[in-house]
Amino acid sequence: MRESNQIVKEVLNELSLRAEEGITTLELNRLAEKKIRKQGATPAFLGYRDYPFTICASINEEVVHGFPSKRRLQDGDIISIDVGVCFQGYYGDAAVTVPVGEVSEQALRLIAVTRESLDLAIEKVQVGNRIFDISAVIQDRVESEGFSVVRDFVGHGIGQKLHEEPQIPNFRMDEGSSQIKIKPGMVIAIEPMVNIGSYEVDTLPDGWTVVTRDRSLSAHFEHTVAATANGPMVLSA
Ligand code: MF3
Ligand code: CO
């Protein structure tokens with residue numbers, strides 16, 4: 001899984017550098033697919049529940065699952081890029097949000113806080129902790145900054161499938177997976193989705209693109225993390 005996630009990391013690094021004013025998200029998608037296949041891996045999202053692209057490219061008020069398109073990135077945009085691959089039967093999954101050119105102070109703060117909430121969550125991937133501990137630290141960090149955590153989409157276990165048990169919510173939940181204990185060898189994808197405004201989201205008529213209902217900006221970061229007796233191991237770092 002380290003190898004799968006290192007391919008994801010390399011693709012994300014390249015796309016982050018290329019995400020400049022004037023490039024289309026379809027061009028980013030093409031670069032990603034080429035790089036993934038060159039390493040002998042396959043794009044994990046392409047064909048997953050009929051998702052039609054290699055990457056998700058979600059701009060500004062788009063939260064996740066944005067379709068790559070002929071839209072050119074503009075100065076002041078923020079773009080979330082999500083990449084998943086399968087290599088020798090094992091999956092890797094990670095995402096980053098990057099600014100294009102010069103963006104607002106508020107956009108930069110949104111990106112920083114979302115990133116920090118993921119870092120704090122990773123520290124909670126300790127044997128004996130519960131999924132609840134991960135969810136709580138993300139929610140607290142985000143809400144203390146006045147932002148909100150998306151409820152309708154969550155992180156997930158990952159391994160020989162892209163999505164496995166348990167679900168990893170980014171907010172406190174009483175039911176579901178919250179009381180599951182973290183065990184050595186568990187691998188999870190933690191992926192906070194954070195909005196400047198309300199946490200409510202809608203799906204566009206394309207059936208995939210998730211946007212904030214109030215059209216406020218949204219950021220998304222994701223890492224695949226293994227729990228070990230010696231603490232968290234970030235496979236996609
Ligand atoms: N990182 C996202 C997830 O785990 C991306 C999935 S896109 C999809 O859900 F097309 F594969 F659904
Ligand atoms: Co994921």
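H1 and H2 are roughly antiparallel to each other, a label given to angles over 145 degrees, while under 35 counts as roughly parallel, 65 to 115 as roughly perpendicular and the rest as oblique. This is a predicted model, in which local features need pLDDT of at least 70, side-chain atom pairs count only at pLDDT 80 or more, and totals for chains, interfaces and linings use all residues. Residues are numbered from 1 along each chain as its sequence is written, chains are lettered from A and ligands numbered from 1 in the order in which they are written, and side-chain values use heavy atoms, with hydrogens and water left out.

Back to the helices. H1 covers residues 2-18 and H2 residues 25-38; the angle is about 155° and the axes are 10 Å apart. Helices here are DSSP runs (H or I, at least four residues), as are strands (E, at least two), numbered from the N terminus. Axes are lines fitted to C-alpha atoms, for helices over the stretch in contact, with angles from 0 to 180 degrees between N-to-C directions.

On H1 the contact (heavy atoms within 4.5 Å) uses Glu-10, Val-11, Glu-14, Leu-15 and Arg-18, and on H2 it uses Leu-28, Leu-31, Ala-32, Lys-35 and Ile-36.

The second pair is H3 (residues 105-123) and H4 (residues 131-144), whose axes come within 8 Å and cross at roughly 155°. H3 and H4 are therefore roughly antiparallel as well. Val-113, Glu-116, Ser-117, Leu-120 and Ala-121 of H3 meet Ile-134, Val-137, Ile-138, Arg-141 and Val-142 of H4.

Now the metal. Which residues hold the cobalt ion (ligand 2) as protein donors? They are Asp-93 (OD), His-156 (NE2), Glu-191 (OE) and Glu-222 (OE), at 2.1 to 2.3 Å. Donors are N, O and S atoms within 2.8 Å of the metal (3.2 Å for Na, K and Ca); water is not among the atoms, so sites may look incomplete. Along the chain the spacing reads D-x62-H-x34-E-x30-E. Glu-191 sits in the loop between strand E9 (187-190) and strand E10 (193-195), and Glu-222 in the loop between strand E13 (218-220) and strand E14 (223-228), so this pair ties together parts 31 residues apart in sequence.

Two backbone details remain. The peptide bond between Glu-165 and Pro-166 is cis, with omega about -5°, and Pro-166 belongs to strand E8 (residues 164-168). Asp-50, a residue other than glycine, has a positive phi near 65°; its place is the loop between strand E1 (42-43) and strand E2 (55-59).
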